[in-house]
Each structure stands twice: as structure tokens, then as C-alpha cells.
Amino acid sequence: MNVVDHVREMAVAGLHSNVRLLSSMLLTMSTNSTELFSPSQKYQLLVYHADALFHDKEYRNAACKYTMALQQKKSLSKTSKVRPFPGSTTSSPQAQKKGGQTLHSLQNQSLPSEIEVRYKIAECYTILKLDKDAIAVLEGIPTRQRTPKINMMLANLYKKAGQERSAVTSYKEVIRQCPLALDAIIGLLSLSVKGAEVASMAMDVIQSIPNLDWLSVWIKAYAFIHSGDNMRAINTICSLEKKSLLRDNVDLLISLADLYFRAGDTKNSILKFEQAQMLDPYVIKGMDVYGYLLAREGHLEDVEVLGGRLFNISDQHAEPWVISGCHSFYSKRYSRALYLGAKAIQLNSNSVQALLLKGAALRNMVRVQEAIIHFREAMRLAPCRLDCYEGLIDCYLASNSIREAMGMANNVYKTLGANAQTLTILATVCLEDPMTQEKAKTLLDKALAQRPDYIKAVVKKGELLSREQKYEEGIALLRNALANQSDCVLHRMLGDFLVAVNDYQEAMDQYSIALSLDPNDQKSLEGMQKMEKEESPTEATADEDVDDMEGSGEEGDLEGSDSEAAQWADQEQWFGMQ
């Protein structure tokens, strides 16, 4: 057993720091004396050293060493003999031969795989976001020698680069080799491959293995998801989730929660996320959407707790950073939200929620063109998510690009069909142009006919009725919407309408309910304060009395009071009380 065998044993045992130190020493020795190690031994040392660097997350250095190993591999000769390290026990001719085969031939069989080394280089490049280099390395592997994981990495890289045909071919090759590779199946469905075609590729396995009949239904559900048919996807997953063998499956619950979110059903979405959390307290997937919904609903304390809990689970995933960013965004700390969104994207460039967070922060910081770039990237990654289009349309409207906004809204309407959400998006743009007000009204009526409880449609219809000063009709609309749900914006709008018809007492009640749902809702607070001023004429008299006090000789006492208050403020700040 020579020293390289010892390095290999330590590598297999996972003693990475030990491997790194020893292999570094031996590689230096091999540089200073070419007689110490054979080309195959140098190749092994370089691979083991690179593996140790990869484990230490030194990806550039690891890629360099892997590349050097491949170059060393090329210099290997079939007839070369192993040069034993001084002190090796394999120096005799008898030890170097076994059944007419040289020791080198035997050792060559146990050398680190060249294909595995190429895969590792590609993995380094992917982590370093050098996708083109990663593709080039993997394409250098002959097609017949590509393992399922190589084809899977290639498929994901092709998809990210927009090379859809190549991605489809690679995903299909993964499924051909591993028919139950569910992530590869999702990849194919996301590239508009028909569900029936994908199901046929796994049908032999489904029929030959007991208790796999659910898989064809699962494929059908994800086909609906990637075609944008949220309601049929929800019904299909619900039918799966109700089956006894798949009841309480966390992945299905997360998918269902995400679908409810996409369909605009916030209540059921939050309910399913909570159910998934109860089943698996360590679940990370989908929690960024859950955190966003909680923040949007005004539950910032819950968002803070959720973010802290996820950071304790893993700070190497995008989700906890997105959740913390949502807390900052809805606390109106846009610069911090921007930083946290950027950090999340750094960890996962495919995080749609991170791109949306960063885009929204940029938009609110009046950096509209930068925001547009992020919303477009989110739209490319998730073409069936309406909130990506909504963010982009908001940016166009903020920059008075009505024509671009109208074009995008029409595109969404034609692509995803006439449902309550797409109708509302188109109506939102129509409301910006006085010439298309009637069209907006028609679109909103159609949306509410489909889904009377769709909050965004109710809000936009309320805005239109407010412009037309149809307050009684607006009150009826909002009361009907609030009959089966409670929402801060709807209660606040109802308060505004009630003020317009001089029903101040109930208006005050509605503002109070709105603030109880979202204590940070500034508009409800402003509405309540405005009413309090109108109902308290004594305040004006009090102000006049204060004015009369000026020059009355009590001014010095008042100034002293202010000075004393300032001193207390300084002391509070010093002791960290502020």
C-alpha cells in the first residue's frame, strides 16, 4: 500500500482537511522530482486535492485542479508502469503482476472517473454562475457516456439559457434512464411538453409497480399548473391529497398552497402553508411565498418570527432572506428590502419571489427601469404567475407608458385566458385612460361575475364607483364582499364611502377594523384622524387659547419645559430606550 492509497482511503473516509494537507505536500514533491509518482498517481492526487477544495467551497481553485487532473490523465500511457513511492511494498515484479495483468492495469480500473471529474468542473462553474462554461464542459462528454445526473444538469442549464429544444432532449434522456425522476418530469411539463406524452414515458413503470397509480394523476396536475389552469390543477391535487396513501404529504400541500396563491385565494393559501408547517416544522420550500402573504396581510410580527425560525434552519437558502426582505418592504424600509432581495438572488438566481421583492423595492425607490429588468426575469422563470406581469405593468404605469402596459395586459389576457385575474389586470390599465373607463367597468363586471370574492376586482370596481360618486352602489359592493371575508383594504374603502354619505360613526368602526387587521395601514389612520378633527371643533378653540398665551409671561416656562424634554430624549437615546 503506497502513500497515494492512504490519500484515497482518507478521501473515502471523508477526512477532507487531512486529504488537502497531505495531497498538497505530495503534489509539491512530484513537481520537484518527476520520478516519485507515476502519471496515474499524480492524476489521483490532483483529483483528491480538488475534491477537498470543493468541500471547502473554494470552487475556482477546485475547478483549476480538476482541469489539471484531466490534463494529467491525457498523459497516461497504457504501457506505463507505476513508479512506487519510496517505502512502498509493491516494488517487486511479482507484486506488480497478477494473472498476466500489470498493476497499472488494475489500478487504472480504480482511478477516479474522468466523466465524474468533468461533472465536478461543471458543478464548480454552475456555482460560480459561469453557465456557458459549465455547458461547454458537459457537452464535451460523449452522449452515450452521459449519466442521468449529467443530463439533468445539462437540461437545467439549457432551460436557463433559453435553449428549450436541447433542454427537452436532455430531460427526456433522464426519464428514459430513470422513469421516476419527478423533477425531470416537471422540467418537461414546464417546457410545454404535453402531459399525455410525459405520462406515456413513465407508463410502463406505473403499471408494473403496485401503488403507483397516483403518478399519472400527479403528472396531470402539474400539466395543468404549467399551462396556467390553476383551478383544474387545484381540483386535481385536492383529489390526490384526499387519497389515504398521499394524505398529509408536505410537497402536495405546498403545491396546493402555491396554487391557491396564484389563483388569488389568500385565505386558503395561508391555511395550506400553515398545515404544511405543522406537519414539517423544518420545511423551507414555499415559505418565501407564505412570508410574503403574511406581510401583505399586515402580520409583520408573524413574518419576523417565521424569518428568524428559517434562518435557524438554513441561511444558505433564498427563502429566509426573502421573508426578512418582505418584512422590511412592508415596514417601508425599501433600501434594506433591496439588499435582502439581492442576497436571496445571490443564493438562488431562480428565486422568483426574490426577483419580485427586489423589483418592488426598486419600483418604490423610483428606479423603474431597473425594476422592469427584474420583473421581466421573474416573468421568464414563471410565465404562468400573474404577479410577475402585475409588477411589470405597475412599472409601465408608474412611468406613464400606458401603451406598453396595455400591450402587456392584452398579452396576459390572450395567453392565460379570460379569468377573474386577467380581466382585472386589463381593467386596471383601462382605468388609467379616460377613454377606456367603460371598458374597464365591463371587464370588472365580468371578473366579479366569475368570482364575486376576488378582492382585487372588488377594489378596482370600488375605485371606479368612487370616481363616478356612486357611493351607495360602492357601499353595497363592499358589504357584499365583506360578508364572507375580512380584508384591510375593503374595510378602509367602505369607511371612505361611509364618510362620503356622512355616516361617520360606522366609518370610524370600519377604519378601526382595518387598523386591527393592519396596524401599519397609513390610509386608514389618516381617514380616522381626519374624522376626529372634523368631529372635535373644541380642538380649534384650544389652539386659539394657546395662541393667546403667547406673550403672557408664561413663555419662559414653556421653553424650559421643552429644554427638559430634550434632555430626557437625549438620556433615553443614550440608554438605548429609543
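This is a predicted model: local features need pLDDT of at least 70, side-chain atom pairs count only at pLDDT 80 or more; totals for chains, interfaces and linings use all residues.
Which residues in H2 meet which residues in H3? Residues are numbered from 1 along each chain as its sequence is written, and side-chain values use heavy atoms, with hydrogens and water left out.

**The chain as a whole**

- The protein chain has 32 helices and two strands, where helices (H or I, at least four residues) and strands (E, at least two) are DSSP runs numbered from the N terminus.
- Of the 578 residues of the protein chain, 45% count as buried; buried means under 20% relative accessible area, exposed means over 50%, and partly exposed lies in between, with a 1.4 Å probe and protein chains only.
- Among the contacts in the protein chain with a separation of 6 or more, 52% come from residues 24 or more positions apart, a contact being heavy atoms within 4.5 Å.

**Helix pair H2 and H3**

- Two packed helices are described by the angle between their axes and the distance between the axes.
- Helix H2 (residues 16-32) and helix H3 (residues 39-55) have axes that come within 9 Å and cross at roughly 140°; axes are lines fitted to C-alpha atoms, for helices over the stretch in contact, and angles run from 0 to 180 degrees between N-to-C directions.
- That angle makes H2 oblique to H3, since angles under 35 degrees count as roughly parallel, over 145 as roughly antiparallel, 65 to 115 as roughly perpendicular and the rest as oblique.
- The crossing of H2 and H3 is left-handed, a term used if the near helix is turned anticlockwise from the far one by less than a right angle, with clockwise giving right-handed.
- On the H2 side, His16, Val19, Arg20, Ser23, Ser24, Leu26, Leu27 and Ser30 meet Lys42, Leu45, Leu46, Tyr48, His49, Ala52, Leu53 and His55 of H3.
- The residues of this contact of H2 with H3 divide into eight nonpolar, six polar and two charged; Ala, Val, Leu, Ile, Met, Phe, Trp, Tyr, Cys and Pro count as nonpolar, Asp, Glu, Lys and Arg as charged, and the others, Gly among them, as polar.

**Helix pair H4 and H6**

- The axes of helix H4 (residues 59-74) and helix H6 (residues 114-127) cross at roughly 155° and come within 9 Å, which makes H4 roughly antiparallel to H6.
- H4 passes H6 in a left-handed crossing.
- From H4, the residues Tyr59, Ala62, Ala63, Tyr66, Thr67, Leu70 and Lys73 meet Glu114, Val117, Arg118, Lys120, Ile121, Cys124, Tyr125 and Ile127 in H6.
- In the contact of H4 with H6, the residues divide into 10 nonpolar, one polar and four charged.

- Residues 250-283 are 79% helix and 0% strand, with their end C-alpha atoms 8 Å apart.
- Residues 488-521 are 79% helix and 0% strand, and their end C-alpha atoms lie 8 Å apart.

**Individual residues in helices**

- Leu498 has its place in helix H28 (residues 488-500), and Leu498 is buried, with a relative accessible area of 1%.
- Not counting residues up to four places away in sequence, Leu498 touches Ile475, Arg479, Asp503, Glu506, Ala507 and Gln510, while Leu498 and Met508, 10 residues apart in sequence, are 9.0 Å apart from C-alpha to C-alpha.
- Thr422 lies in helix H24 (residues 420-430) and is buried, with a relative accessible area of 1%; Thr422 touches Leu386, Val412, Tyr413, Leu416 and Gly417, not counting residues up to four places away in sequence.
- Ser335, in helix H19 (residues 334-347), counts as exposed at 52% relative accessibility.

**Loop residues with positive phi**

- Most residues other than glycine have a negative phi.
- Lys57, found in the loop between H3 and H4, has a positive phi near 65° and is exposed, with a relative accessible area of 55%.
- Gln469, in the loop between helix H26 (455-467) and helix H27 (471-482), has a positive phi of about 60° although it is not a glycine, and counts as exposed at 58% relative accessibility.
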